[in-house]
Structures are given as C-alpha cells and as structure tokens.
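I opened a notebook page for a structure that is new to me.

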Amino acid sequence: FMDGARASLIQIGNTADDLALLSDCDWVLEAIIEQAEPKRELYRQIEPLLAPHAIVATNTSGIPMRALLEARG
C-alpha cells in the first residue's frame, strides 16, 4: 500500500463462514485451488450475494477466463 492506512480497508474471510460479508464489497479477489470447477462453483455461490457494481477478480495464471465463465449469465 502506498498509504498504510488503506490496509484497514481490506478484510479477509473464508468460504465456510464469511460469504455474507461479500454483500458490502466493491472488489472480491478469488484465490482458491487452481482448478476451473471449484472456481466456477465459488462464483455460483457468491454471485447472488454481490452488489451489482462489485468486481470479481481471480489469481489464476493458467485457466482461460472463458473456461471460468462457462454457464454464467
């Protein structure tokens, strides 16, 4: 962070306990196992919780985005 005070804007969580926190997020960074199906399943779980303006990013380095977005609306 260029400004250390900005770190307080970041909140971490886990998929078992904290998905409801996503409703207040502007940006969600997904960082789970590097396999397409678990990532797609997570997207299915979080999609109904997100605000319309929310951005979802992934840390994937090898899975094409088109594969992650299969069956998405």
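My entries on the fold and the pockets follow.

**Ground rules.** I am working with a predicted model, where local features need pLDDT of at least 70, side-chain atom pairs count only at pLDDT 80 or more, and totals for chains, interfaces and linings use all residues. Residues are numbered from 1 along each chain as its sequence is written, and side-chain values use heavy atoms, with hydrogens and water left out.

**Fold.** I looked up the secondary structure and found 2 helices and 2 strands. Helices (H or I, at least four residues) and strands (E, at least two) are DSSP runs, numbered from the N terminus. Along the sequence I read the pattern β-α-β-α. The C-alpha trace spans about 40 × 25 × 25 Å along its principal axes.

**Strands.** E1 and E2 run parallel and are joined by 4 bridges. Two strands pair if DSSP finds at least two bridges between them. I noted one partner: Leu 29 bridges to Ala 57 in E2. With H1, the strands E1 and E2 make a right-handed β-α-β unit. Right-handed means that, with the strands pointing away from the viewer, the path from the first strand over the helix to the second runs clockwise.

**Faces of E1.** Which residues form the covered face of E1? I found Val 28 and Glu 30 there, with Trp 27 and Leu 29 on the uncovered face. In a regular strand, side chains alternate between the two faces of the sheet.

**Largest pocket.** I looked up its volume, about 720 Å³. Of its 22 lining residues, Gln 11, Leu 22, Trp 27, Val 28 and Leu 29 are the closest to its centre. A pocket is an open set of points on a 1 Å grid over the protein atoms alone where a 1.4 Å probe fits, with protein on both sides within 12 Å along at least five of seven lines; lining residues have an atom within 4 Å of a point. Volume is the space filled by probe spheres set on the points. E1 (27-30) and H1 (36-46) each supply at least two lining residues. E1 gives the largest share, 4 residues.

**Second largest pocket.** Its volume is about 170 Å³. Its lining includes Tyr 43, Ile 46, Ala 57 and Arg 72. Which strand gives the largest share of this lining? I found E2, with 3 residues.

How values were computed
Buried < 20%, exposed > 50% of the residue type's maximum accessible area, 1.4 Å probe, protein only.
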